[in-house]
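Here's a structure to look through together, one question at a time. Have the sequence and the 3D view open as you read.

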There are 2 protein chains.
Amino acid sequence: MLPNPYDHIPSSALRPISGAVGDTVFHQGDPTHGLYVVQTGRVHLERVDPDGERFIIHRAQAGTSFAEASVFSEVYHCDAVIVEAGALIRIDKASVLAAFADPAFARAYGRQAAQQIQAQRQMLEIVGIRRAEDRVMAGLIAGLLEGSIVEFAARLQLSHEAIYRALRKFVQDGRVMNPSRGIYHLHP
Amino acid sequence: MLPNPYDHIPSSALRPISGAVGDTVFHQGDPTHGLYVVQTGRVHLERVDPDGERFIIHRAQAGTSFAEASVFSEVYHCDAVIVEAGALIRIDKASVLAAFADPAFARAYGRQAAQQIQAQRQMLEIVGIRRAEDRVMAGLIAGLLEGSIVEFAARLQLSHEAIYRALRKFVQDGRVMNPSRGIYHLHP
DNA sequence: ATCGTAATATGATTTCAATCATATGTTGCC
DNA sequence: GGCAACATATGATTGAAATCATATTACGAT
């Protein structure tokens with residue numbers, strides 16, 4: 001996220017929003033306003049099915065944006081619900097569209113989008129690997145083991161126990177080094 | 001993909017490529033050339049780990065593009081291998097970057113990217129659902145059951161047997177209609 | 001028409017990851 | 001220093017989905 005595309009948008013177009021847990025930033029079917037950048041807190045995008053059952057489309061973390069697609073469409077079929085209090089910035093739809101006339105914004109946006117797409121593709125391939133061991137190895141190769149094993153497990157959508165077992169196996173097989181408790185990395 | 005961003009690129013910048021199964025379009029670490037559009041056939045993007053084991057980062061289908069991120073970086077850490085013979089188009093890196101000066105291209109690219117990101121996010125949430133029944137229901141709600149059950153199963157990363165069982169359950173519970181063999185849809 | 005292939009559909013069995021249980025190590029805090 | 005909360009780590013059990021097996025049906029090619 002080095003060259004943040006939103007640096008190229010005039011600050012007059014940025015609308016700060018603060019919200020409490022449970023607040024709905026926008027509703028499914030609302031005429032859309034623009035895109036949102038999460039500065040702090042967490043937001044879930046949820047879709048409500050005909051039976052009233054709701055399921056989560058996306059979990060937006062601090063430092064990420066959401067509802068980008070709404071800039072290009074009349075309606076957006078999600079509720080955005082604040083699940084951890086924080087601060088958001090809303091950028092007007094028209095302002096985003098106007099910003100595309102600035103090649104610097106356009107390229108920054110394109111770069112960010114392309115990287116995100118690539119990262120997501122990789123995640124889809126990785127979580128599609130059935131065997132826990134293979135998935136963990138793919139995660140290691142992809143450099144996803146940053147931070148704790150618990151976070152790594154969440155990223156890979158495996159239980160942390162499954163991660164420990166796979167790592168132990170790799171260490172026994174000499175494929176992974178475990179220089180100290182909680183530290184694992186691939187043999188060079 | 002209605003307004004295809006690549007319609008805005010001068011045809012002089014489009015380089016047709018044809019390849020046979022097993023051909024490598026580009027190698028990991030090659031200086032990058034641009035992005036590729038798959039017209040027919042299929043291409044895999046693979047990464048080779050230190051042990052020589054290769055794992056698939058992405059499967060590019062006909063009608064999709066790949067290596068978009070390479071436009072913004074010096075190197076791209078994948079091999080692109082043709083797994084089904086077909087025709088590709090390569091668009092020069094410089095041509096893509098230049099095209100961002102055209103607001104029509106920039107917006108079309110932004111729209112396409114935003115939609116793709118949204119779709120991928122949704123897929124990540126869906127394949128993250130553990131229970132087969134819940135995953136199938138989420139897939140139905142998301143409108144992913146287009147075409148055959150086998151394709152649906154592949155999209156959801158479940159065995160087709162698991163799909164049939166879940167669908168049968170839903171039909172028994174009256175949540176899904178099965179007007180004829182192979183046809184399933186949600187009750188309104 | 002019929003042959004072959006693939007999709008649809010279910011039942012039986014196996015596998016493997018989740019879950020449960022438990023212990024130790026680590027970190028921050030009053 | 002001692003306690004609480006959490007991460008690390010493994011073993012035992014369970015459960016759910018994959019796999020295997022087997023029909024039936026659809027569809028195109030010859």
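This is a predicted model: local features need pLDDT of at least 70, side-chain atom pairs count only at pLDDT 80 or more; totals for chains, interfaces and linings use all residues.

Q: How much area do chain A and chain B bury between them?
A: The size of an interface is often given as the accessible area lost when the parts come together. On the chain A side, Phe72(A), Arg121(A) and Glu125(A) supply 15% of the area buried against chain B, more than any other three residues. Carbon and sulfur atoms carry 56% of the total, and that total is about 4,500 Å².

Q: Which residue forms a salt bridge with Glu68(A)?
A: The rule finds 4 salt bridges across the interface of chain A and chain B. For a pair to count, a side-chain nitrogen of Lys or Arg has to be within 4 Å of a carboxyl oxygen of Asp or Glu. With its closest N and O atoms 3.5 Å apart, the pair qualifies, and the partner of Glu68(A) is Arg121(B).

Q: Is Gln157(B) buried or exposed?
A: You'll find Gln157(B) in the loop between helix H4 (149-156) and helix H5 (160-172) of chain B, with a positive phi of about 60° although it is not a glycine. In chain A, Gln157(A) has a relative accessible area of 21%, so that one is partly exposed. The cut-off for buried is under 20%. Gln157(B) has 19% relative accessibility, so it counts as buried.

Q: Which part of DNA strand D does the side chain of Arg165(B) come up to, at 2.8 Å?
A: Sugar and phosphate account for 62% of the atoms of DNA strand D that come within 4 Å of the protein. Ala132(B), for one, has a polar backbone atom 2.6 Å from a phosphate oxygen. Glu161(B) puts a polar side-chain atom 3.0 Å from a base nitrogen. For Arg165(B), the atom at 2.8 Å is a base oxygen.

Q: Which helix gives the most residues to the surface near DNA strand D?
A: This surface has 7 nonpolar, 4 polar and 10 charged residues. H4 and H5 of chain A and H5 of chain B each supply at least two residues. The most, 4 residues, come from H5(A).

Terms used:
Residues are numbered from 1 along each chain as its sequence is written. Chains are lettered from A and ligands numbered from 1 in the order in which they are written. Side-chain values use heavy atoms; hydrogens and water are left out. Buried area is the accessible area (1.4 Å probe) that two parts lose on being put together, summed over both. Buried means under 20% relative accessible area, exposed over 50%, partly exposed in between (1.4 Å probe, protein chains only). A residue is near a molecule or strand if one of its heavy atoms lies within 4 Å of it. A polar contact is a pair of N or O atoms within 3.5 Å; within protein, one must be able to donate a hydrogen and the other to accept it, and residues adjacent in sequence count only if both atoms are side-chain atoms. Ala, Val, Leu, Ile, Met, Phe, Trp, Tyr, Cys and Pro count as nonpolar, Asp, Glu, Lys and Arg as charged, and the others, Gly among them, as polar.
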